[in-house]
Amino acid sequence: MVLSRCADRSFRKRNDGVLHDIPMKPGTPVPRPALDAGVQEVGSRIRRLREERGVSLSELARRAGVGKATLSGLENGTRNPTLETLWAVTAELGVPLALALGTDAAGRGPGETAPSGAAGAVIHGAAVQAELLEVFQDEAVTYELYRMAVRAGTVQTSPAHHAGVTEHITVFGGTLRAGPADAPLVAGPGEHVSWTSDVPHTYAAVGEEDVRASLLIRYPRRPPDPGR
């Protein structure tokens, strides 16, 4: 997925003083911002992760395919990004989304779970709403477990995660079409789909019923790549 540049976006300022980043492409639904709260804290974590890796703001924006002003506003806590922007930025940083949300799972030992305050974070995409239930670490792999809902009538396209990331969805209600954008999979109640999500991928409900499901994302730790 090629993310929209600044010229293709509008920005809404709410009472919290934060610009909420809304892609505006003709003929596509307008997704809501990813975060209900905590925009400044998420921005600070992303800045810290970027600086720890020695990557400039301009370079990270280029790699992630987002506007420099969008990333600057996110880091400063003045712009609420879309979920697609958050996933694109964290993928280029080589970290699970939970690190940006405030769950430092990668720093804990095997089998240790997220602190109690980490659970309950809710993120929103064009079609997907996901509640983070748990984050845990096993050797060099981080897992994020979400309760997920997919709204009928809307397709969400998400950017590629870093190499080796996989997604595993179990459907409880409705019929889901999800997976690589060029070869999505279909699952109904009681069925399971999984794919390697280091390519652009989509989520959609088939028919008029919303989908209820669980989503497990498996992130292998990406080694440092100073030559990028």
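How many helices and strands are there in the protein chain? In this predicted model, the protein chain has 5 helices and 13 strands.

**Figure 1. The whole protein chain, shown for orientation.**
The protein chain has 228 residues, and 49% of them count as buried. Among contacts between residues at least 6 apart in sequence, 65% join residues at least 24 apart.

**Figure 2. Helix H1 packs with helix H3.**
Helix H1 covers residues 39-52 and helix H3 covers residues 68-76. The axes of H1 and H3 are 6 Å apart, and the angle of packing is about 110°. Angles of 65 to 115 degrees count as roughly perpendicular, and therefore H1 and H3 are roughly perpendicular to each other. By class, 4 nonpolar, 3 polar and 3 charged residues make up the contact of H1 with H3. From H1, the residues that take part are Val39, Gly43, Ser44, Ile46, Arg47 and Arg50. They meet Leu71, Leu74, Glu75 and Asn76 of H3.

**Figure 3. Glu139 lies in the loop between strand S5 and strand S6.**
Strand S5 spans 128-138 and strand S6 spans 141-150, with Glu139 in the loop between them. Is Glu139 buried or exposed? Its relative accessibility is 60%, so Glu139 counts as exposed; the cut-off for exposed is over 50%. The phi angle of Glu139 is near 55°, which is a positive value in a residue other than glycine.

**Figure 4. Glu144 is a buried residue in strand S6.**
The relative accessibility of Glu144 is 0%, and therefore this residue counts as buried; the cut-off for buried is under 20%. Which residues are in contact with Glu144, leaving aside its neighbours within four places in sequence? They are Pro96, Leu97, Ala98, Leu132, Glu134, Val135, Leu215, Leu216, Ile217 and Tyr219. One of these, Ala98, is 46 residues from Glu144 along the chain, while the C-alpha atoms of the two are separated by 7.3 Å.

**Figure 5. The side chain of Glu144 makes polar contacts with Tyr146 and Tyr219.**
The polar contact between the side chains of Glu144 and Tyr146 is 2.7 Å. Between the side chains of Glu144 and Tyr219, the polar contact is 3.0 Å.

Key: Residues numbered from 1 in each chain as written. Predicted model: local features only at pLDDT ≥ 70, side-chain atom pairs only at ≥ 80, totals over all residues. Heavy atoms only, no water. Helix = DSSP H or I, 4+ residues; strand = E, 2+ residues; numbered from the N terminus. Buried < 20%, exposed > 50% of the residue type's maximum accessible area, 1.4 Å probe, protein only. Contact = heavy atoms within 4.5 Å. Axes fitted to C-alpha atoms, helices over the stretch in contact; angles between N-to-C directions. Parallel < 35°, antiparallel > 145°, perpendicular 65-115°, else oblique. Nonpolar A, V, L, I, M, F, W, Y, C, P; charged D, E, K, R; others polar. Polar contact = N/O pair within 3.5 Å; in protein donor to acceptor, adjacent residues only side chain to side chain.
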